Amino acid sequence: MKRFDVVVVGGGGTGVAAAIGARAAGASVLLLEKNPSLGGTTARSIGSISATQTADQRRVGISDTPAEHLEDMEKFSQHHADRPDNNELARVLCEHVPESVRLLEEWGAVFMGPMDEPPHRKPRMHQIMPNSAAYIFHAEKHARKIGVEIFTSARAQQLLTANGEVTGVEIELDGRVETMEATKGVILASGDYAADPGFKAQFVSEAVAATEAVNPTNTGDGHRMALDLGARIINPDMYGGGMRFVRPLTPAWQSRLPPSAWLMRVCNRVMRHAPRSLVRHFIMGFMTTVMVPERKLFHNGAILINARGERFADETQSMVFELALQPDGVGYILCDARVAQKFTQWPDYVSTAPGVAFAYLQDYERTRPDLVRRGNTLEDVAKVLGMDAVELKRTVAAYNQGVGPPGRGERPAVGEGPYVVLGPVKNYINYTDGGLAINAGLQVLGKNDVPIPRLYAAGATGQGGLLLKGHGNHIGWGFTSGRLAGQYAAALAPRT
Ligand SMILES: Cc1cc2nc3c(=O)[nH]c(=O)nc-3n(C[C@H](O)[C@H](O)[C@H](O)COP(=O)(O)OP(=O)(O)OC[C@H]3O[C@@H](n4cnc5c(N)ncnc54)[C@H](O)[C@@H]3O)c2cc1C
């Protein structure tokens, strides 16, 4: 058995922030991560964070306040009028996220922005450079520097209790079961259950359960451990997801550069003055995440086919659940010459990373050639993709005649080549929004909503009914709630 003041479960942005928060407040801290390295969904995200009163806002003369941020967040959550938002936690986020961004910068992070995102009335979205892996790079470095102990490949499997209080965590490390005692508290920061078919089927639907997650290792472990102690999950059926291009087999060289603060500061300066086309290419190369094809492609006459060359669903839906059920769960976007030409310039971009980069067909050809195939005829396309040409031609003919599944409606027919095929695309669940019920002190609520002594939850695990709509609020909540949970746990008197 090992003994620490605070034990943190999960090494994404939330967990590292929690560990730093507790350590900076004087506690001895153990951070547990079940994967071989820290990162979680945080390191696979786009990487935007929304905050007010930042150095970047001041640089461009924006005067902004947490109170305005809070009011604007409510405008986003009006789309979910059927669900009450957790205004208390939203206030915690808006008041404390400026300090989270300040600290991230102190640890070495460099942001681009601020960028507009209506209905935010002022630009407050910031994009970490060069990509979201930089959150973990800088936070982990700082955590190690101040003396946080980090165990990787260490999976927490059960909370330990005595006299109704949480006393530690049982973990699996190198095939052995070990006990980590926490004299002050345990913080659950184990992300969401986007990759847990059981929870997804129970709370959302079988279709979502069958859809893979961007982060395949977030299996709701923290949620489950807390449920065992009488906790509950709020908004368990909410999630974010959709169709995305698959990740490159070998990441671009830029994305493997260390995100050193000085290099990113130089890049940031250059990018403020460089032509947008150059910036776009630069940013696309850095993207560690999977990009989303615009649905506008389909409205303009592109069609979604499977690896057999068949159309199988209405490709204009916000979530084409049928995609997960196709061979290998993949699809391809077939564009005729007209569509391909159209998506080479504004406003017809193939994909975007919010406010940062608009990527056109030629950007994909240059930076993601693995996702672009060409063919003069449908026979050529079928050959390149290893499909049956007769089936592909039948699919296109049926679509053009308005035959399902479902018919093409008002959409243009697939016309002449040369054709361009984009893909593979897959469906992914990005995150689930069901978080444990917590109070404003980040304590997990148990039976009758009474706090479970010495148990905290933060980030996705402790989302507590917050509707984090818009961009940049999930990561904002992760770093902010994590940091505060760490401080609160460290402030407790140790168990005697
Ligand atoms: C493609 C994509 C783009 C996104 N873009 C944005 C964006 O731009 N802005 C934004 O705000 N949000 C974005 N999000 C959402 C955001 O990334 C997440 O909500 C947020 O990072 C969650 O942080 P976290 O630390 O709570 O969880 P995570 O980062 O997932 O960390 C949880 C960690 O806990 C570990 N863990 C789990 N179980 C155990 C266990 N039993 N023992 C030990 N360790 C365990 C996991 O392995 C993981 O490393 C995006 C998500 C995706 C998928």
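Predicted model: local features only at pLDDT ≥ 70, side-chain atom pairs only at ≥ 80, totals over all residues.

Colleague: What is the phi of S153 near?

Modeller: Near 50 degrees, a positive value in a residue other than glycine. S153 sits in the loop between β6 and β7.

Colleague: Which loop holds D174?

Modeller: The one between β8 (165-173) and β9 (176-188). D174 is not a glycine, yet its phi is positive, at about 50 degrees.

Colleague: Is D174 buried or exposed?

Modeller: Exposed. It has 8 other C-beta atoms within 10 Å, and a residue with 12 or fewer falls in that class.

Colleague: Cis peptides next. What joins P118 and P119?

Modeller: A cis peptide bond, with omega about 5 degrees. P119 belongs to the loop between β4 and β5. The bond from W346 to P347 is cis as well, omega near 5 degrees. P347 is placed in the loop between α12 (337-342) and β14 (351-353).

Colleague: You mentioned β4 and β5. How do they pair?

Modeller: In the antiparallel sense, over 4 bridges. M112 faces Q127 of β5 there.

Colleague: What is the strand order in the sheet of 3 strands?

Modeller: β3-β5-β4. It is an open sheet with antiparallel pairing. The edges are β3 (48-50) and β4 (110-115); each has a single partner strand, so one side of each lacks a neighbour in the sheet. From one strand to the next, the twist averages 30 degrees.

Colleague: Which helix lies across β4 and β5?

Modeller: α9, residues 261-273. It runs at about 30 degrees to β4.

Colleague: Switching to α5. How many residues does it have, and how far does it reach?

Modeller: Helix α5 covers residues 133-145. That is 13 residues, reaching 18 Å from the first C-alpha to the last. The expected span at 1.5 Å a residue is also 18 Å, so they are close.

Colleague: How many residues of α5 are buried?

Modeller: 10 of its 13, so the helix is mostly covered. Among them are Y135, I136, F137, H138, E140 and H142.

Colleague: What covers the buried residues of α5?

Modeller: The cover includes α1 (13-24), β2 (29-32), α4 (87-106), β5 (125-129) and β6 (149-151).

Colleague: Now the ligand. How many residues surround it?

Modeller: 42 residues. The closest are G10, G12, G40, G191 and G459. The elements giving two or more residues to this shell are α1, β7 (154-162), β17 (419-432) and α16 (473-491).

Colleague: Which element gives the largest share of the shell?

Modeller: α16, with 4 residues.

Colleague: What is the make-up of the shell by class?

Modeller: 27 polar, 10 nonpolar and 5 charged residues.

Colleague: You listed β17 in that shell. How many of its residues are buried?

Modeller: 13 of 14, so β17 is largely enclosed by the rest of the structure.

Colleague: Which strand pairs with β17 over 7 bridges?

Modeller: β11, residues 239-245, in the antiparallel sense. G241 has I429 of β17 as its bridge partner.

Colleague: How many bridges link β16 and β17?

Modeller: 4, antiparallel. β16 covers residues 372-375. R373 is bridged to V421 in β17.

Colleague: What is the bridge partner of N306 in β13?

Modeller: G331. N306 belongs to β12, residues 303-306. β12 and β13 (330-335) pair in the antiparallel sense over 4 bridges.

Colleague: Are the faces of β12 covered or uncovered?

Modeller: Both are covered. I303 and I305 are buried on one side, L304 and N306 on the other.

Colleague: Great, that covers my list.

Key: Residues numbered from 1 in each chain as written. Buried ≥ 20, exposed ≤ 12 C-beta atoms within 10 Å, placed from the backbone. Contact = placed C-beta atoms within 7 Å. Near = placed C-beta within 6 Å. Nonpolar A, V, L, I, M, F, W, Y, C, P; charged D, E, K, R; others polar. Pairing = 2+ DSSP bridges. Axes fitted to C-alpha atoms, helices over the stretch in contact; angles between N-to-C directions.
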